[in-house]
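Hello,

Here is the model for your files. Please open it next to this email. My notes follow below.

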Amino acid sequence: MHDLIIAGAGPAGITASIYAVRKRMNLLVISRDIGGQAALSGEIANYTGYQFISGPELALKFQEHINAFGVKLKLPEEARDIKREDNRIRLFTDKGEYLARTVIIATGSHPRLLNVRGEREFKNKGVTYCATCDGPLFKDKAIAIIGGGNSALDAALQMINISPKIYIIDISPQLSADSIMIEKVLKSTNIEILNNTKVERIYGDIFVKGIEVEKDGRPLDLKLQGVFIEIGLIPNSDFAKVVKKNNSEEIIIDHSNQTSVEGIFACGDVTNVQEKQIIVACGEGAKAALSVFNYLSVHNY
Amino acid sequence: MNKQVKVYSTHTCPYCKATKQFLKDSGIEFEDIDVSVDQKAAEEMIQKSGQMGVPVLDIEGQIIVGFDKETISKALGP
């Protein structure tokens with residue numbers, strides 16, 4: 001039986017696995033991918049030690065790090081359900097089921113849908129949730145980025161040398177991203193910011209041809225070929241029915257990353273930790289693994 | 001017999017990297033096409049797959065969108 005199974009291999013899960021393997025725990029990691037949402041970031045400039053690193057490069061560094069420690073990894077495999085039985089945790093996945101003394105849930109989050117007409121119809125036909133992946137396909141095409149936070153502005157900055165015209169469509173009166181990013185965006189000549197603006201519809205034929213928005217209560221029609229949706233994240237916590245969650249579906253943890261169920265721990269963006277940042281997720285991952293170590297020691301495993 | 005495999009990708013896309021790594025690990029030779037630098041290839045990819053997401057695989061004419069390990073394995077055959 002495993003001492004610990006970690007579900008997820010983003011910044012939180014990977015850091016947890018490094019701490020766990022160094023404590024010589026009998027460990028297994030299952031994950032859909034390596035790097036999670038972080039792997040999809042463009043420019044990362046707030047991860048200590050790197051003045052600049054791209055998301056895909058950081059994910060590669062993560063992979064090298066766990067490979068060096070010989071972490072056992074099952075990929076791609078996704079958690080489907082989790083239960084406590086006697087003194088053990090049973091984890092069900094799309095490939096099978098496992099028994100472990102403890103489980104750390106580090107399954108992260110996925111992009112929030114805009115929920116407007118045309119979004120589903122034109123997904124991958126102009127509508128994208130990954131600027132890092134699909135951005136280069138919009139060369140010489142006008143695009144709209146929906147959102148006003150760090151992810152939205154990161155997408156905009158990735159596109160300034162690719163796309164001739166970029167609209168940032170922000171529902172709030174002011175962008176909420178870090179000031180340093182806002183300053184960069186304001187300096188670029190091909191970005192136009194539309195605040196107080198709501199997307200009503202995405203339209204086109206085979207591919208996107210434009211969007212209808214409402215700015216300050218007035219309708220506007222923007223002709224463009226790409227819609228990049230960056231309006232926040234939803235925790236990947238559906239499968240974890242047994243643990244307590246808050247109204248945002250985030251798994252509630254205490255200061256030592258314990259969930260409401262003994263033996264089940266959680267860390268990173270899937271939890272109610274205040275900030276969804278790569279470095280915070282890493283720190284939480286380390287905490288979770290050390291809490292598991294303490295838990296196993298106390299229970300004489 | 002080896003099937004002819006093309007992978008349309010961008011150099012930044014993690015799913016593309018995972019796809020190519022999977023093919024390499026399986027000992028499959030493939031043509032690696034970076035659509036972020038080759039505009040003509042990008043148009044070809046969009047035309048073939050009817051969509052703009054990467055990666056796209058062309059395995060002897062069968063088009064697969066995304067890193068779908070099982071579908072890819074099936075298309076490659078035994």
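Start with Gly226(A), which sits in strand β17 of chain A, residues 226–229. Helices (H or I, at least four residues) and strands (E, at least two) are DSSP runs, numbered from the N terminus.

This is a predicted model, in which local features need pLDDT of at least 70, side-chain atom pairs count only at pLDDT 80 or more, and totals for chains, interfaces and linings use all residues. Residues are numbered from 1 along each chain as its sequence is written, and chains are lettered from A and ligands numbered from 1 in the order in which they are written.

**Around Gly226(A)**

Gly226(A) counts as buried because it has 25 C-beta neighbours inside 10 Å. The cut-offs are these: buried means 20 or more other C-beta atoms within 10 Å of the residue's own, exposed means 12 or fewer, and partly exposed lies in between, with C-beta atoms placed from the backbone. Leaving aside neighbours within four places in sequence, Gly226(A) touches Gly126(A), Thr128(A), Phe138(A), Lys141(A), Ile143(A) and Val208(A). Contact here means C-beta atoms, placed from the backbone, within 7 Å. Gly135(A) is 91 residues from Gly226(A) in sequence, and their C-alpha atoms are 9.1 Å apart.

**The sheet**

Strand β17 belongs to an open sheet of 5 strands in chain A. The order is β10-β17-β11-β12-β13, and the pairing is parallel. β10 and β13 (191–194) are at the edges with a single partner strand each, so one side of each has no neighbour in the sheet. Two strands pair if DSSP finds at least two bridges between them. β11(A) and β12(A), residues 166–169, pair over 4 bridges. Ile146(A) stands opposite Ile169(A) of β12(A).

**Backbone points to check**

Two peptide bonds are listed here as cis. One runs from Leu75(A) to Pro76(A), with omega near -10°. Pro76(A) is in the loop between β5 (73–74) and β6 (79–85) of chain A. Another joins Val54(B) and Pro55(B), with omega about -5°. Pro55(B) lies in the loop between α2 and β3 (56–59) of chain B.

Asn124(A) is not a glycine, but its phi is positive, near 65°. Asn124(A) is in the loop between β9 (109–111) and β10 (127–128) of chain A. Is Asn124(A) buried or exposed? Asn124(A) is buried, because 20 other C-beta atoms lie within 10 Å.

Asp140(A) also has a positive phi, near 65°. The loop between α3 (131–134) and β11 (143–146) of chain A holds Asp140(A). Asp140(A) is exposed, with 10 other C-beta atoms within 10 Å.

**Helix packing in chain A**

Helices α1 (residues 11–22) and α6 (residues 278–298) pack at about 35°, with axes 7 Å apart. Axes are lines fitted to C-alpha atoms, for helices over the stretch in contact, and angles run from 0 to 180 degrees between N-to-C directions. Residues of α1(A) in this contact include Tyr19(A) and Ala20(A). Those of α6(A) include Leu290(A) and Val292(A).

**Where the chains meet**

How many residues of chain B are in contact with chain A? There are 17, and they meet 19 residues of chain A. On the chain B side, α1 (14–25) and α2 (39–49) give two or more residues. α1(B) has the largest share, 4 residues.

Best wishes

Note on methods:
Contact = placed C-beta atoms within 7 Å.
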